[in-house]
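Hi,

Here is the structure I said I would pass on.

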Amino acid sequence: MNNKALKITEALYALYPDAVCGLHAGGDPYKLFVMAVLSAQCTDERVNAVSAELFKRFPTPLSMAESKEGEIEKYIYTVGLYNSKAKALREACKRITEVYGGEIPSEMEDLLSLRGVGRKVANLLRGDIFGLGGIVADTHCIRISVRLGLCTKKDPVTVERELTPLIPAEKQSGFCHRIVMFGREYCTARNPSCHICPLAEYCDSHSCNN
Ligand code: SF4
């Protein structure tokens, strides 16, 4: 880990010692998988709101895999893109049931073979559930990593590739959750609060002209 990344990671930890994932899956791999798929272009709050009833009706990958067209949809229509998300969940759960014995796999390649799962979701699962580390390059992580000067380009592949060697695997999950909280409180997309920012001393962009 380089010195600057270490200091930023420690400063974020001091700011948000109890940082947890905004999706309330209770450490359940299946629930976090489903909720992460639903969270694309949707708020965590909205996903949390629909999840209780969804998991009452579909408590396992098998139950979701065996659902008929239209059954998942009616539980998730408020999360947006619900038709494609329902289709992805049904197909992914079929594969989880048939290929992985009903368990969410932990390897990146296996996760990426599930419909609806990209690197962001796969890294979230690997970090939060399996303790394997993973940089979740979401919009906050991308924006702030570039502003801080930890990453060179605003694209998820670059941010994941450049941040991964800077932060030890066991700290990556916490780092990503904390940077989301930091992005909401201080380093917002349009009006970052540089004048009161606790990371300003490490930041390449504190003039906020980017
Ligand atoms: S100084 Fe400004 S741009 Fe830099 S991290 Fe803080 S809020 Fe973001």
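Starting with the ligand: the residues of the shell around it split into eleven nonpolar, three polar and one charged. That shell has 15 residues, and the closest include Cys187, Cys194, Cys197 and Cys203, along with Pro192. Keep in mind as you read on that this is a predicted model.

On the fold, you will be looking at helices: the protein has eleven of them and zero strands, so the pattern along the sequence reads α-α-α-α-α-α-α-α-α-α-α.

For overall dimensions, the C-alpha atoms fill a box of roughly 55 × 30 × 30 Å along the principal axes. The radius of gyration is 18 Å, which agrees with the value near 17 Å that a compact globule of 210 residues would have. Of those 210 residues, 39% count as buried. If you care about contact order, take the contacts between residues at least 6 apart in sequence: 60% of these join residues at least 24 apart.

Gln41 is not a glycine, yet its phi is positive, at about 55 degrees.

You will find Leu81 in the loop between helix H5 (73-76) and helix H6 (82-99). With 13 other C-beta atoms within 10 Å, Leu81 counts as partly exposed.

Cheers

Technical notes: Residues numbered from 1 in each chain as written. Predicted model: local features only at pLDDT ≥ 70, side-chain atom pairs only at ≥ 80, totals over all residues. Near = placed C-beta within 6 Å. Nonpolar A, V, L, I, M, F, W, Y, C, P; charged D, E, K, R; others polar. Helix = DSSP H or I, 4+ residues; strand = E, 2+ residues; numbered from the N terminus. Rg over C-alpha atoms; globule rule 2.2 N^0.38 Å. Buried ≥ 20, exposed ≤ 12 C-beta atoms within 10 Å, placed from the backbone. Contact = placed C-beta atoms within 7 Å.
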